[in-house]
Amino acid sequence: MEKIIIVCSRPTPNGPLHLGHLSGPYLRADILKRALIQQGHSVCLVTGVDAFETYIQGTCEEKGIPCKDLVNENSKKILSDLLSAKISIDGFYDVSNNLDLFSDICSDFFGQIRGVEEKDISILRERDSKRLVVGYWLEGLCPSCDSNMGSFYCESCGSLILPDKVKEPSSKLGRSLEHFDTKWLFCAPENDNLTLVLNKIKKKYPGILSSINDDFLDHTSSDFLLGYPQDWGVSIDSKHSCFSAASILPYSNYFATMAGYQDSFNKDADTKTIAFFGKDAVTQYVYGCELLSHMSKDYKGFDYCYMNDFLLLEGNKFSTSRNHAVWISESLQGNEFQGDGIRWFLSQFEMEKHGNNFIFEDYKKFEDKTLSSVLSVLENFECLKRCSDLKPEIRQHIKCFFQSLMIERNTYLSLDNFQVHNAVKVLENSVEFLNTLEVNARKEWCWWFSELSEPFIPSIAQYISSNLKREVVSV
Ligand SMILES: [Zn+2]
């Protein structure tokens, strides 16, 4: 039995979650967690919100509301969305609720990193207010892929871009700007260390590197921003507050500590650490965490990282601001198994790849054909319970069929070969198998289906197992 902590990337507390969010880190992490628990491991799944993103500071300033109010209100919505989608989350935290602990973790973390240097940087600031035009307040083009970008990240290629590298920079608020020379804090590895880190990344994340630009590492600046002067956030020293993207490991350690998994990120810990994140965070997780853990005395990074690309909705990006989204709260209205239908459908996308598209008509077809065959079995549950006994050879036939599906499923829900879209195919196979069985054999089918399907469609699985009363048989 292994002890495992899964940390999902922090959702931005700017509104409720939509199916695009769900399809990425949260659903996949939940499926992995449930499968690992069935295999006998002890698994904890955590995430939380980051009140120190410039996005939150900027939005609150524009709306004229305190950050705490925005974060609290949206945290409640996000948590409720995750729970209603049956994401089996063990902890959802806001660092500002225990700032003393988070500050301690940050000062310990940043205090042990080698190669920290102050470097000159020339950035833009607002001529009148003198506010630095970074993060939320900055817009322009990505120097790596020329896409429109805001903030510090390019959503298209996953690059983490310093404000002085953004092409055609402008103020999001349309303010008049001037140049300003300042000093920011970086982790600047010498060549030896840089080579070690890059080689480790190439060896550890071939899948991730192949699904983003081949030259991703060439575009990644070797100096990694740790902090800059700002009047919010957690301080690294008297002049710099820590930069959100540099604090993935302290945040994760904070979430783990709050959930009772303290010391999980120690180099000698026997707990496995796993991260789930979207493509726009790839530099922070893959380069940032590997570099900073390498340059730290006690911290290990993530043992496993799983990245997802973004889901499209009818061919276009999901967008909270344009309301081009299917919200979790609205998609789960309907019968009690609606959420399972959505989970099953979303699991079929190969989210590591680009261009997955949610189309309503496809979902409708899936509901009418695949999901309804399972639901129709459940509708006749009372009859099922009264099924007469099966012949032993039919029972054996069903058992063998499901055992082989279980083995197939588990090869794809393992840490070294994690492919949800391939694992979920066993559900459709078992539905096809159902159609070959006589009505009398459906109870036996249900027993096995319940265990096989639990990671993907937990409500249906639990409904079956609680109604048919059978101890779980592990394969
Ligand atoms: Zn880009």
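Helices (H or I, at least four residues) and strands (E, at least two) are DSSP runs, numbered from the N terminus. The model is predicted: local features need pLDDT of at least 70, side-chain atom pairs count only at pLDDT 80 or more, and totals for chains, interfaces and linings use all residues. Residue numbers start from 1 along each chain as its sequence is written.

**Helices H11 and H12**

- Helix H11 (residues 338–347) packs against helix H12 (residues 360–379) at an angle of about 110°, and their axes are 11 Å apart. Axes here are lines fitted to C-alpha atoms, for helices over the stretch in contact, and angles run from 0 to 180 degrees between N-to-C directions.
- That angle makes H11 roughly perpendicular to H12, a class covering 65 to 115 degrees, where under 35 counts as roughly parallel, over 145 as roughly antiparallel and the rest as oblique.
- H11 contributes Gly 341, Trp 344 and Phe 345 to the contact, and H12 contributes Tyr 363, Phe 366, Glu 367 and Leu 371. Two residues are in contact if their C-beta atoms, placed from the backbone, lie within 7 Å.
- By class, the H11 contact with H12 has five nonpolar residues, one polar and one charged. Ala, Val, Leu, Ile, Met, Phe, Trp, Tyr, Cys and Pro count as nonpolar, Asp, Glu, Lys and Arg as charged, and the others, Gly among them, as polar.

**Strand E11 and its partners**

- In strand E11 (residues 272–278), six of the seven residues are buried, so the strand is mostly covered. Buried means 20 or more other C-beta atoms within 10 Å of a residue's own, exposed means 12 or fewer, and partly exposed lies in between, with C-beta atoms placed from the backbone.
- Strand E1 (residues 3–8) runs parallel to E11 and is joined to E11 by five bridges; two strands pair if DSSP finds at least two bridges between them. Ile 6 stands opposite Ile 274 in E11.
- E11 also pairs with strand E12 (residues 304–308) in the parallel sense, over five bridges. In E12, Asn 308 is opposite Gly 278.
- From E11 the chain crosses through helix H9 (residues 282–294) to E12, a right-handed β-α-β crossover. Right-handed means that, with the strands pointing away from the viewer, the path from the first strand over the helix to the second runs clockwise.

**The antiparallel sheet**

- An open sheet of four strands has the order E4-E8-E9-E10, with antiparallel pairing.
- Strand E4 (116–126) and strand E10 (241–242) are at the edges with a single partner strand each, so one side of each has no neighbour in the sheet.
- Strand E8 (residues 177–187) and strand E9 (residues 224–228) run antiparallel and are joined by three bridges. Cys 187 stands opposite Phe 224 in E9.

**Single residues**

- Pro 163 is in the loop between strand E6 (148–150) and strand E7 (167–171). Pro 163 is buried, because 22 other C-beta atoms lie within 10 Å.
- Not counting residues up to four places away in sequence, Pro 163 touches Ile 123, Leu 124, Val 133, Val 134 and Leu 138.
- Lys 86, in the loop between helix H3 (67–84) and strand E3 (91–94), has a positive phi, near 60°, in a residue other than glycine. With 18 other C-beta atoms within 10 Å, Lys 86 is partly exposed.
- Glu 168 lies in strand E7 and has a positive phi of about 45° although it is not a glycine. Glu 168 is exposed, with 9 other C-beta atoms within 10 Å.
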